[in-house]
Amino acid sequence: MKRLVVAITGASGALYGVRLLHWLREAGGIETHLMISEAGALSLHHELGMTRKEIEPLADAVHAVRDVGACVASGSFQSEGMIIAPCSMKTLASVAHGLCDNLIARSADVMLKERRRLVLMVRETPFNLAHLRNMTAVTEMGGIIFPPLPALYQKPTNITEMVDHTVGRVLDLFGIEQGLAPQWQGLRQSS
């Protein structure tokens, strides 16, 4: 069984993490390990009216952010990688500078040192120079910066469709089959 580590931090866009967990639960065959930061829990409540306790059952295992001794803090814990959805600028900075000050940053550090896939769905706008430099640093270390930008060419009719398309594209990075983001077939000229 494949394993994925998922973290929800305090950036706007908690729906990305929730839809990711929903989809992974429905798809089956992927063991998920979840961490939710304190600010992430605030965003879940503010944006979706949901509590941590409502989200945690979507994961196979839940780890406290302060538990730096959890299994996901070790390179010996085998996984496909990690997705931080959404990723706050604080978490981005911690990852970029190797500040392993909590389990989310430590798990991300493990992904980088073990050369596993790390995807940060950074959510902020506009970016300042510190944000851009931190994104560059993570990219240079092998991480993938994936701002959750809507793909309007798919002609979404609601927010969930936009979010699901982005989640599908992230899952593509892990080679996980999904039906959320169909492969682009190119533009077709009408006759």
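# Briefing: a parallel sheet and its surroundings

Thr9 is placed in the loop that runs between strand E1 and helix H1, and in this predicted model the residue counts as buried, its relative accessibility being 0%. The sheet to which E1 belongs is open and has six strands in the order E3-E2-E1-E4-E5-E6, with parallel pairing.

- The side chain of Thr9 reaches the backbone nitrogen of Ser88 at a distance of 2.8 Å.
- Not counting residues up to four places away in sequence, Thr9 touches Ser37, Ala39, Gly40, Ile84, Pro86, Cys87, Ser88, Thr91 and Ile104; of these, Ile84, Pro86 and Cys87 are also listed among the buried residues of strand E4.

**The sheet and its pairings**

- The edges of the sheet are formed by strand E3 (61-62) and strand E6 (144-145), each of which pairs on one side only.
- Strand E1 (residues 2-8) runs parallel to strand E2 (residues 30-36), and seven bridges join the two; within this pairing, Leu34 of E2 is the bridge partner of Val6.
- E1 also runs parallel to E4, to which it is joined by four bridges, and here the partner of Val6 in E4 is Ile83.
- Five bridges pair E4 in the parallel sense with strand E5 (residues 117-122), and Met82 stands opposite Leu118 of E5.

**Burial of strand E4**

- Strand E4 is mostly covered, since seven of its seven residues are buried.
- In a regular strand, side chains alternate between the two faces of the sheet.
- Both faces of E4 are covered, with Gly81, Ile83, Ala85 and Cys87 buried on one side and Met82, Ile84 and Pro86 buried on the other.

**Ile104 in helix H5**

- Ile104 lies in helix H5 (residues 103-113) and counts as buried, with a relative accessibility of 2%.
- Leaving aside neighbours within four places in sequence, Ile104 is in contact with Ala7, Ile8, Thr9, Met35, Ser37, Val65, Met82, Ile84 and Thr91.
- Ile104 and Met121 are 17 residues apart in sequence, and their C-alpha atoms are 14 Å apart in space.

**Ile55 in helix H3**

- Ile55 belongs to helix H3 (residues 52-55) and is buried, with a relative accessible area of 0%.
- Once neighbours within four places in sequence are left aside, the contacts of Ile55 are Ile8, Val18, Leu21, Leu34, Ile36, Leu44 and Met50.
- The C-alpha atoms of Ile55 and Ile36 are separated by 9.3 Å, while the two residues are 19 apart along the chain.

- His63 is found in the loop between E3 and strand E4 (81-87), where the residue is buried, with a relative accessible area of 12%.
- The side chains of His63 and His33 are joined by a polar contact of 2.9 Å.
- Neighbours within four places in sequence aside, His63 is in contact with His33, Leu34, Met35, Ala70, Cys71, Val72 and Leu103.

**Packing of helices H1 and H2**

- The axes of helix H1 (residues 14-27) and helix H2 (residues 38-48) come within 9 Å of each other and cross at roughly 95°, which makes H1 roughly perpendicular to H2.
- Ala14, Leu15 and Val18 of H1 make this contact with Ser43, Leu44, Glu47 and Leu48 of H2; Val18 and Leu44 are also among the contacts of Ile55.

**Cysteines**

- A disulfide is a covalent bond between the sulfur atoms of two cysteines.
- A search of the whole structure finds zero disulfides, and Cys87 accordingly is in no disulfide, the nearest cysteine sulfur being that of Cys100 at 14 Å.
- Seen from Cys100, the closest cysteine sulfur is that of Cys87, and the 14 Å between them is too far for a bond, because a disulfide requires the two sulfur atoms to be within 2.5 Å.
- The two residues can also be described by their accessibility: Cys87 is buried, with a relative accessible area of 0%, whereas Cys100 counts as partly exposed at 28%.

Notes:
Residues numbered from 1 in each chain as written. Predicted model: local features only at pLDDT ≥ 70, side-chain atom pairs only at ≥ 80, totals over all residues. Heavy atoms only, no water. Pairing = 2+ DSSP bridges. Buried < 20%, exposed > 50% of the residue type's maximum accessible area, 1.4 Å probe, protein only. Contact = heavy atoms within 4.5 Å. Polar contact = N/O pair within 3.5 Å; in protein donor to acceptor, adjacent residues only side chain to side chain. Axes fitted to C-alpha atoms, helices over the stretch in contact; angles between N-to-C directions. Parallel < 35°, antiparallel > 145°, perpendicular 65-115°, else oblique.
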